[in-house]
Amino acid sequence: MDVISLNISLYNMARINIENYETEGFFDETFESDKTVKPHYKYFADRLQKMGIKRLNLLQHSTDRVQMSLGMTFNVYSDNQGIERILHLDIIPRIVTGKDWDYLEKGLKQRIYAMNLFLDDIYNDQKILKDKVIPKELILSSSTYLKQCIGFKPPKGVWVHITGTDIIRGGDGGYYVLEDNLRCPSGVSYMLENREILKRTFPEIFEKLAVRPVANYTHSLRDMLESLSPVSPASIAVLTPGIYNSAYFEHAYLAQQMGAELVEGRDLVVKDDIVYKITTKGLKRVDVIYRRVDDDFIDPEVFRSDSLLGTPGLFRAYLKGNVVLVNAPGTGVADDKAVYAYVPDIIKYYLGEEMILPNVQTYICNRPDDQKFVIENIADLVVKQTDASGGYGMLIGPKSTKAEQEEFVQKIKKNPRNYIAQPTINLSRVPTLTEDGTIEGRHVDLRPYVLYGNEIKVTPGALTRVALKKGSLVVNSSQGGGSKDTWVVDNI
Amino acid sequence: MLSRVADAMYWMNRYMERAENYARFMDVSFNLSLELPPDVSEQWQPLVVTTGDWELYQVMNKTISKQKVIYFLGFDPKNPNSIYNCIINARENARSIRPEITKELWAQINYLYYFVKDGLAKKIWTKRDPRMYFDEIKKGCQLFWGIIDATISRTEGWHFGRIGKLLERADKTSRILDVKYHILLPSPQDIGSALDIIQWAALLKSVSAYDMYRKLFGKLTPSGIANFLILDKEFPRSMLLCLEHTALSLKMISGKNSGYSNLAEKEVGILTSQLEYADINDIIKTGMHEYLDNFQIKLNNVSSAIADSFFSIENSITKM
């Protein structure tokens, strides 16, 4: 099923009519408001014009087929087992200039460095709480603050080794961090596979544009994981909840690309606080586990006793330093949406610097003034549950009914600690192929991936998630979102 | 290798082999049904008996018909061994060990997965001639074996996969011989009749043995055919050859050349040597059915011994 082998000459070369494209007042990554093409999209737009809309649609169609044959599928939680969907890949890329990227990279490094210092502090000296920079109860009351981790020092003092920060671009063209995703961020396999697919879709364009490569990611990931263990060579495993997990494709993909063992909880056993995998030739020791199982489920002896996904004794082995878990258990507390509002203070406290990459303005419903403002302006705001993710448990004010708004007002009053609100941001848009084969603007976000072992490394590329439904601002794959390849391009 | 991975490799191969066998059985039976004189009833029941799911069939169906059997063996999601379920299960096993297999192999099994899903949706069993469909399954499976041989390293996983394939193959060859041999043993007036020859040829074709048998032995005789399918030393689907290669793979896994180092090797070794020294005339004299029945019981013991030796947790812990 080779994309390029299709006979495309059969199709008419109808030119793409950008006259019909409307930016509709949104910030568009490709077009100025007067419809002139931005410099960094110029070469791509020219090629697209020459190619014609029919060929573009044909290439899109083959991409869908390639994704199916590669089994790039995910299960949606609400679906029955066995129902798989592909994450739609729109072949028109999101292009970011090298200059913008360098700024994002600087901002991300600063942020992740500070968040690690923060985690190490709140599980050890708690200086930031004693100095009242962050209210003590906000941290200690969080369900994601793991008391079992108090006093623990992970290797190299790093808690968050793998991050997939959600960044958006607002109507002003500025970049903002929307969520930190410090637990088990997913999607990096799509960044890598999307690139492989697009290289086959537009080989002539890649030849011309110096797109920064992303393929190094899995090598860096392996190096990072190995660097955390005193054993050399370290035995590395990727721990997956199994084939019904929505991100299973990624777990298998990463294990394969890194040459690591893909294990489920039942493949591991802990004896004398040492973790082993169960093999055809007896037990073999495991040194580093990149676990894609949430904190609550990793060890039924310590956390949820009904978990079948974890391994009894795993946490004990971890605290003894006999195995490294990546990311470290307990990072969820820094990922809490209420803590997010304090990130500018966290950066200032530990680094004495101003935040480079700004937050979206956030109202914390636990603060009486903020709560009042949120309730009065709920129709204009996005309300989010502090411990939810994946686009669940949120209200988008301008797109909601009166009844839905009232429901959230009641929820906020009942449990203010659980909610924050942010202004509705009109995410930037990128031209996207629609179902009826035309090109229209669709809203996107940006998820770059950052690794932290000996040093912080930002891969020059990202998963761009795109809300495929016309007018929709929700980019989550579980809610009708698709993806785009993200090109960082220099010297345009 | 992880015990779970070895287990999944074994079952992925075993299910694929089963799917291929069923597809061939159906194709041959369909062909045969076209050649039978009007007064001879079609033999769809023995086909179901061959698969070992006759009881389940009776629970789910009141009558026997070509279409019902084709649905039951080819498509029925409620029959755990239908071709449909074999492919679904093989793919599920493949998915659970995705990092252990190659992209090409994964793409091929995925192709078959979408093919059988599509076949069910299109109700292929209601079509007048579903042979194209089964032929595509058979070819899809054969391509799968080709990709395994061309892209998978001969490490443990490959050997566990081969064992799964061979044990399934030995089982199916013995079953079809068991069921057909008695039905086909001719009454004196039928010997050498056209119908008689067509049916023995069909038996050989259903295990892809016709061409090789013809080339080597020429004349179709019941004892010659039984000898070929049970005891031939070169034919890839004979019961003996399947067992010999299983024994070889087990030796490659354990790394020991002489004797046996686990229960699985012991069981396979005993069963193989019993076949090596068997004589087809003795088998016929003591009773073909008794012989094959006994063989199937021993083959099941081999499967259990392999699971106990390699796939279970308890065993692994004692090996520490």
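Analyst: Let's begin with a term: a helix crossing is left-handed if the near helix is turned anticlockwise from the far one by less than a right angle, and right-handed if clockwise. The model is predicted, with local features needing pLDDT of at least 70 and side-chain atom pairs pLDDT 80 or more, while totals for chains, interfaces and linings use all residues. Residues are numbered from 1 along each chain as its sequence is written, with chains lettered from A and ligands numbered from 1 in the order written.

Look at chain B, where helix 2 (residues 44-51) and helix 8 (residues 156-184) have axes that come within 8 Å and cross at roughly 145 degrees. Helices (H or I, at least four residues) and strands (E, at least two) are DSSP runs numbered from the N terminus; axes are lines fitted to C-alpha atoms, for helices over the stretch in contact, with angles from 0 to 180 degrees between N-to-C directions. Helix 2 of chain B passes helix 8 of chain B in a right-handed crossing. Helix 2 of chain B brings Pro46(B), Val49(B) and Thr50(B) to the contact, and helix 8 of chain B brings Arg175(B), Ile176(B), Val179(B), Lys180(B) and Ile183(B) (contact: C-beta atoms, placed from the backbone, within 7 Å). These residues divide into five nonpolar, one polar and two charged. Nonpolar covers Ala, Val, Leu, Ile, Met, Phe, Trp, Tyr, Cys and Pro; charged covers Asp, Glu, Lys and Arg; the others, Gly among them, are polar.

Chain B also meets chain A, in a contact of 21 residues from chain A and 22 residues from chain B. On chain A, that side holds 10 nonpolar, six polar and five charged residues.

Definitions and conventions:
Contact = placed C-beta atoms within 7 Å.
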